Every structure is written in structure tokens, then in C-alpha cells.
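Subject: Structure handover

Hi,

Here is the model you asked for. Please look it over, then read the notes below.

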Amino acid sequence: MTGLLDHGSLRFLDMLSPEVQAEIETVERRRTYEDGRMIHSSGDDGDRLIIVRSGGVKMGRINPNGRETILAVLGAGHFIGIIGLLTGRKRNQNAVAIGETTVGYVQKADFLSLMAKHPEIASAALPITLNRLNAALSMLDDLRLLPLPAYTAVWLLNMHDASEVPGVVNWSQSELAAAVGASRVSVGKALKKLEGEGLIVLKYGSIEIPDARSLSDWIDAARAEHLSY
């Protein structure tokens, strides 16, 4: 199963008081999805906030050629769809259940009413949204500047930080390629280079990172090198 990938995003529920969490539960409608089931599709109305209660939700897109790009995998406590909810924009990504997954749906009117009643909801939602925006901009900058091995290393470090198993990234090479946005062959070569540098150990269906600090330092050195060009 694909591991989590939240790019360091804060968890919405962790930032709310127990009282507010309990009030949200009174207005949400929960639904459980089997592994691989579509929760929503790109182009759907964004009139509900989604709160992940258990399992994981893979966010991504399918291009016209059928190639998948994975943008994030959000676990319990995260929310999905705040921008569409507040702006009226339609969903711009697919959301797919990873493992058996339960989500809570909060209608727009209920969310706005709760946010007006409890300012801490807005105080939680704003830094989460800005944190995600900053992560997206950083990834875009790395994509523009870094060669594929270094860019792959950035994704691996993000996956490591979100992993539920210390030192292990439970992503296959095919899944990693879908996240990086490159072919499996190209990502395979990038991983071999990182393994040759002693930064990772390739396993069947997973990747071990013996020393995350060394990987982070290697990425910083790569950024410094390519920023100087």
C-alpha cells in the first residue's frame, strides 16, 4: 500500500480543541470507502469539506494518456477541499481511498456557521493552507532547478518524514515515479544513483533511508550547486 505523503502539512484536527472537534462531528456525514475507490473526481463540485477519519486519501491526476501523477497521500486528521469550499471552485484533483478509508463530509453552510462561531477553525485552516501552498511552491522550484536524482531525493525525504515506519518509505518504484512525475525507468536510474551514494537501500516494494540527515544534507548541497548556475 502506498505510504503517506503530506509534505509536512499540519493536521487540521490536531489544531482544534476537543469541544470544537465534537461539534464538527455532530454535523458531518461519514462514509467508508474500500481500497482504490474514488472519493471524488476532478471537476466535481467542491461544496463539502472532507475530513480524513481513518486510512488514507491519495490526491492526484490522470493525464489524457492515462498516466497518473500522485500529489499527496493524506492520513487521518487532515482535511481536503478547503479552497473549493471557500471559493466555489470545482475539484481539480482526484481523491482515491488508500486501504479501507473513512472520511467525514461537512457541508459548506455548516462549515461556515461553525467557523463564524469558533474562530479557532479559521485560525487552524489558514496556516494549513499556507503550509501546503509553500510546499507546492518549493516543489515547483526544485522541479525547475534540480536534476532528477536530487528531485527524487526530495520526494523520498518528504515520504520519510510522513512515514509511519521510521526509516522506511513504503512506496514501490512505480508509485514513486507517479509522484515524481517521471518514467519508472528514469526514476529507477535516479534511485540507483542515490543507492550508490549510500543514501538509500532499495528493497522489494519499499525504500530504506538509513540516515535522513545525510539525505537532507545531500539535497541541500545539490540545491546550492544548481542555484549557483
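This is a predicted model: local features need pLDDT of at least 70, side-chain atom pairs count only at pLDDT 80 or more; totals for chains, interfaces and linings use all residues.

Residues are numbered from 1 along each chain as its sequence is written, and side-chain values use heavy atoms, with hydrogens and water left out.

Helices (H or I, at least four residues) and strands (E, at least two) are DSSP runs, numbered from the N terminus. Two strands pair if DSSP finds at least two bridges between them.

Strand 3 covers residues 48-62 and pairs with strand 6 over 11 bridges, in the antiparallel sense. Strand 4 also pairs with strand 3 in the antiparallel sense, over seven bridges. There, Ile-62 has Glu-68 of strand 4 as its bridge partner. Strands 3 and 4 form a hairpin with five residues between them. Gly-66 sits in that turn with a positive phi of about 85°. Strand 5 (residues 79-80) runs antiparallel to strand 3, joined by two bridges. Ile-50 is bridged to Ile-80 of strand 5.

In a regular strand the side chains alternate between the two faces of the sheet.

**The 7-9-8 sheet**

Three strands form an open sheet in the order 7-9-8, with antiparallel pairing. Strand 7 (168-169) and strand 8 (201-203) are the edges; each has a single partner strand, so one side of each is left without a neighbour in the sheet. Strand 9 is residues 206-208, and two bridges pair strand 9 with strand 7. Val-168 stands opposite Glu-208 of strand 9.

**Nonpolar cores**

Two terms first. Buried means under 20% relative accessible area, exposed over 50%, and partly exposed in between (1.4 Å probe, protein chains only). A nonpolar core is a set of buried Ala, Val, Leu, Ile, Met, Phe, Trp, Tyr and Cys residues joined through side-chain atoms within 4.5 Å.

The largest nonpolar core has 35 residues. Trp-155, Leu-156, Met-159, Leu-176 and Ile-200 touch the most other members. Strand 4 (68-75), helix 5 (148-162), helix 6 (173-180), helix 7 (184-196) and helix 8 (212-227) each supply at least two residues of this core. Helix 5 gives the most, with nine residues. A second, separate core has 18 residues, including Leu-16, Ile-82, Leu-85 and Ala-124.

Contact means heavy atoms within 4.5 Å. Leaving out residues up to four places away in sequence, Leu-176 touches Thr-152, Trp-155, Leu-156, Met-159, Trp-171, Val-187, Leu-191 and Ile-207.

In soluble globular proteins, nonpolar side chains tend to be buried together.

**Helix packing**

Axes are lines fitted to C-alpha atoms, for helices over the stretch in contact, and angles run from 0 to 180 degrees between N-to-C directions. Angles under 35 degrees count as roughly parallel, over 145 as roughly antiparallel, 65 to 115 as roughly perpendicular and the rest as oblique. For residue classes, Ala, Val, Leu, Ile, Met, Phe, Trp, Tyr, Cys and Pro count as nonpolar, Asp, Glu, Lys and Arg as charged, and the others, Gly among them, as polar.

Helix 6 and helix 7 pack at about 105°, with their axes 9 Å apart. The two are therefore roughly perpendicular to each other. Gln-173, Ser-174, Leu-176, Ala-177 and Val-180 of helix 6 meet Arg-184, Val-187, Gly-188 and Leu-191 of helix 7. By class, this contact has five nonpolar, three polar and one charged residues.

Helix 3 (residues 108-117) and helix 4 (residues 119-145) also pack at about 105°, with axes 4 Å apart. Helix 3 and helix 4 are therefore roughly perpendicular too. Phe-111, Leu-114, Met-115 and Lys-117 of helix 3 contact Pro-119, Ile-121 and Ala-122 of helix 4. The class count here is six nonpolar, no polar and one charged residues.

**Single residues**

Arg-89 is in the loop between helix 2 (82-87) and strand 6 (94-107). Arg-89 counts as exposed because its relative accessibility is 53%. Not counting residues up to four places away in sequence, Arg-89 touches Gly-46 and Gly-84.

His-226 is in helix 8. His-226 is buried, at 17% relative accessible area.

His-7 lies in the segment before helix 1 (18-27). Phi of His-7 is near 55°, a positive value in a residue other than glycine.

Best wishes
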